[in-house]
Amino acid sequence: MSEEKGHFQMDPMSGEPVEVDGVYKNEWGREEKLARGEVFPADPMLGTTEWELTQLDMENHSNGETDPRLYPKKDATAHDAHLQHPKRHPAKPNKLE
C-alpha cells in the first residue's frame, strides 16, 4: 500500500487482470513486461504479491520518415506560405529606397 499522505490506493495483486501495457515490478524487485488483459502472475517464492507499474509501453507509430505534410510546397503563394508557418513571410520591398 502506498504510504503517501492521503493516498490509500493498493497496487494490483497477483491474479488480477492487467489494465495497462507496461513493465511491472513486484515486491522483491522482479520485473516483467505484461500486456493488457493478462493476469498478474504469482511469484514462485513469495506467492501472491503486489505489482507496481514502473514503465509504460509507449507505442510509436513512426516509421522513420518525415511527415509529407511538413515538406515545403514549391507552388505556395505568399498567403499560403504565411498560413503554413507565421515566420515564413514573403520578402517585403524596401520602402525607403
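**Labels and their cut-offs**

Biologist: Why is Glu32 called partly exposed?

Modeller: Glu32 has a relative accessible area of 24%. Buried means under 20%, exposed means over 50%, and partly exposed is whatever falls in between (1.4 Å probe, protein chains only), so Glu32 belongs to the class in between. Before we go on, this is a predicted model: local features need pLDDT of at least 70 and side-chain atom pairs count only at pLDDT 80 or more, while totals for chains, interfaces and linings use all residues. Residues are numbered from 1 along each chain as its sequence is written, and side-chain values use heavy atoms, leaving out hydrogens and water.

Biologist: How do you know that the side chains of Glu32 and Arg30 meet in a salt bridge?

Modeller: A salt bridge needs a side-chain nitrogen of Lys or Arg within 4 Å of a carboxyl oxygen of Asp or Glu. For Arg30 and Glu32 the N to O distance is 2.5 Å, so the pair qualifies. By this rule there are two salt bridges.

Biologist: With which residue does Arg30 form a salt bridge at 3.6 Å?

Modeller: That partner is Asp43, with 3.6 Å between the closest N and O atoms. Arg30 sits in the loop between β1 (22–26) and β2, and Asp43 in the loop between β2 and β3, so the pair ties together parts that are 13 residues apart in sequence. Through shared partners, Arg30, Glu32 and Asp43 form one network of salt bridges.

Biologist: Which backbone nitrogens does the side chain of Asp43 reach?

Modeller: The side chain of Asp43 reaches the backbone nitrogen of Met45 at 3.1 Å and that of Leu46 at 3.0 Å. Both are polar contacts, meaning N or O atoms within 3.5 Å; within protein, one must be able to donate a hydrogen and the other to accept it, and residues adjacent in sequence count only if both atoms are side-chain atoms.

Biologist: What makes Thr49 count as buried?

Modeller: Thr49 has 0% relative accessibility, so it falls under the 20% limit. Thr49 lies in the loop between β2 and β3, and its side chain makes a polar contact with the side chain of Glu27 at 3.1 Å. Apart from neighbours within four places in sequence, Thr49 is in contact (heavy atoms within 4.5 Å) with residues including Pro12, Asn26 and Asp43.

Biologist: Which residues make up the largest nonpolar core?

Modeller: Val18, Tyr24, Leu34, Phe40 and Trp51 make up that core. A nonpolar core is a set of buried Ala, Val, Leu, Ile, Met, Phe, Trp, Tyr and Cys residues joined through side-chain atoms within 4.5 Å. Setting aside residues up to four places away in sequence, Tyr24 touches, among others, Val18, Leu34, Phe40 and Trp51. In soluble globular proteins, nonpolar side chains tend to be buried together. In this chain, buried residues make up 13% of the 97 residues.

Biologist: What is the relative accessible area of Leu53, and where does Leu53 lie?

Modeller: Leu53 is in strand β3 (residues 51–56). Its relative accessible area is 37%, so Leu53 is partly exposed.

Note on methods
Helices (H or I, at least four residues) and strands (E, at least two) are DSSP runs, numbered from the N terminus.
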